Amino acid sequence: MTKHMNENPLRGPSDHSVRDQIVEAATEHFGHYGYEKTTVSDLAKAIGFSKAYIYKFFNSKQAIGEVICANRLAMIMNIVSAAIADAPTASEKIRRLFKGLVESGSDLFFEDRKLYDIAAVASREKWPSTEIYEQRLRQVIVQILQEGRQAGEFERKTPLDEAAEATYLVIRPYVSPVQLQDNLATAAADVVLLSSLVLRSLSP
C-alpha cells in the first residue's frame, strides 16, 4: 500500500501542509520574478516539486495566485478592522477606514513590487478574492453608516444602500491596486479630503 492513502483524516493535514509550502514558495518566487513572467514549470523547478505534483494541489497558476491575493486582501481587511474597532464615533470610523485602506494597501501591494503583478491581474480579471474583498468592504461601510444613523451623526433621508454605494465609489480608486498605483504620490492627502467630503454629505 502506498503512502498516498484514501483515508481523508490522514491525507488532509499532509495536503494542507504541502499546499502551504507551495503558496509560501510561490509568494517568494512571484515576489522575485513577477507573477506574469513565471510559469508553473518555473515554480516547480524552484520549489523542487514536479509540475504534475503541483497540479495535484492547484489546477492552475491563477489558483496559486488566488490564494496569495486572498491572503494579502485578508491582511488589509484585518488591519482596517483593527483600526476602526476602537474609534469613538462613526465619523471617526469613516476617516480611519479611508486612511487604513490606503496605508495598508500601499504597504502590502507595493512594498514587494513584483507581487503587485498578482494584485493587478486579480483586479483586472476580477478574481473571486477581489470580489469577496470588495463585498466585505461594502458590508463594513453599511455597518458604519447604520451606526452613524442610530447615533444621529448621519442623515437618514438617503436610502442606506445608495449612501453606502456612493461612499464605496469614492474610496474605490484607492482600493483597486491598479488605480491606487496611479494615485500613490497623493493618496495620503487625497483620502483626508475625500473622507471629509463624504462626512459632510452624510451629516444630518
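**The second largest pocket and its helices**

Guide: In this predicted model, the lining of the second largest pocket draws at least two residues from each of H4, helix H6 (116-125), H7 and helix H9 (177-183). The space in this pocket amounts to about 180 Å³. Its lining consists of 16 residues, and those nearest the centre of the pocket are Ser123, Thr130, Glu134, Ser176 and Pro177. By class, the lining of the second largest pocket comprises eight nonpolar, four polar and four charged residues.

The packing of the helices may now be taken pair by pair. Two packed helices are described by the angle between their axes and the distance between the axes.

Helix H4 (residues 61-85) and helix H7 (residues 128-150) have axes that come within 9 Å and cross at roughly 15 degrees. An angle under 35 degrees counts as roughly parallel, and H4 is therefore roughly parallel to H7. The crossing in which H4 passes H7 is right-handed. On the H4 side, the contact is formed by Glu66, Cys69, Ala70, Leu73, Ile76, Met77 and Ile84. H7 contributes Pro128, Ser129, Thr130, Tyr133, Arg136, Leu137, Val140 and Ile144. Eleven nonpolar, two polar and two charged residues make up this contact of H4 with H7. Thr130, listed here for H7, is also one of the residues nearest the centre of the pocket.

H4 also packs against H6, where the axes come within 10 Å and cross at roughly 105 degrees. Angles from 65 to 115 degrees count as roughly perpendicular, so H4 is roughly perpendicular to H6. Gln62, Gly65, Ile68 and Cys69 of H4 meet Ile118, Ala122 and Glu125 of H6. This contact of H4 with H6 has four nonpolar residues, two polar and one charged.

The phi angle of Lys126 is near 55 degrees, a positive value in a residue other than glycine.

H7 has a further partner in helix H8 (residues 160-171): the two axes come within 9 Å and cross at roughly 125 degrees. H7 and H8 are therefore oblique to each other, and their crossing is right-handed. The residues of H7 in this contact are Glu134, Leu137, Arg138, Ile141, Val142, Leu145, Gln146 and Arg149. From H8 come Leu160, Ala163, Ala164, Glu165, Thr167 and Tyr168. The contact of H7 with H8 divides into eight nonpolar, two polar and four charged residues.

Technical notes. Residues are numbered from 1 along each chain as its sequence is written. This is a predicted model: local features need pLDDT of at least 70, side-chain atom pairs count only at pLDDT 80 or more; totals for chains, interfaces and linings use all residues. Side-chain values use heavy atoms; hydrogens and water are left out. Axes are lines fitted to C-alpha atoms, for helices over the stretch in contact, and angles run from 0 to 180 degrees between N-to-C directions. Helices (H or I, at least four residues) and strands (E, at least two) are DSSP runs, numbered from the N terminus. Angles under 35 degrees count as roughly parallel, over 145 as roughly antiparallel, 65 to 115 as roughly perpendicular and the rest as oblique. A crossing is left-handed if the near helix is turned anticlockwise from the far one by less than a right angle, and right-handed if clockwise. Contact means heavy atoms within 4.5 Å. Ala, Val, Leu, Ile, Met, Phe, Trp, Tyr, Cys and Pro count as nonpolar, Asp, Glu, Lys and Arg as charged, and the others, Gly among them, as polar. On a 1 Å grid over the protein atoms alone, a cavity is a set of points where a 1.4 Å probe fits but cannot get out, and a pocket is an open set with protein on both sides within 12 Å along at least five of seven lines; lining residues have an atom within 4 Å of a point. Grid points are joined across faces, edges and corners, and a volume is the space filled by probe spheres set on the points.
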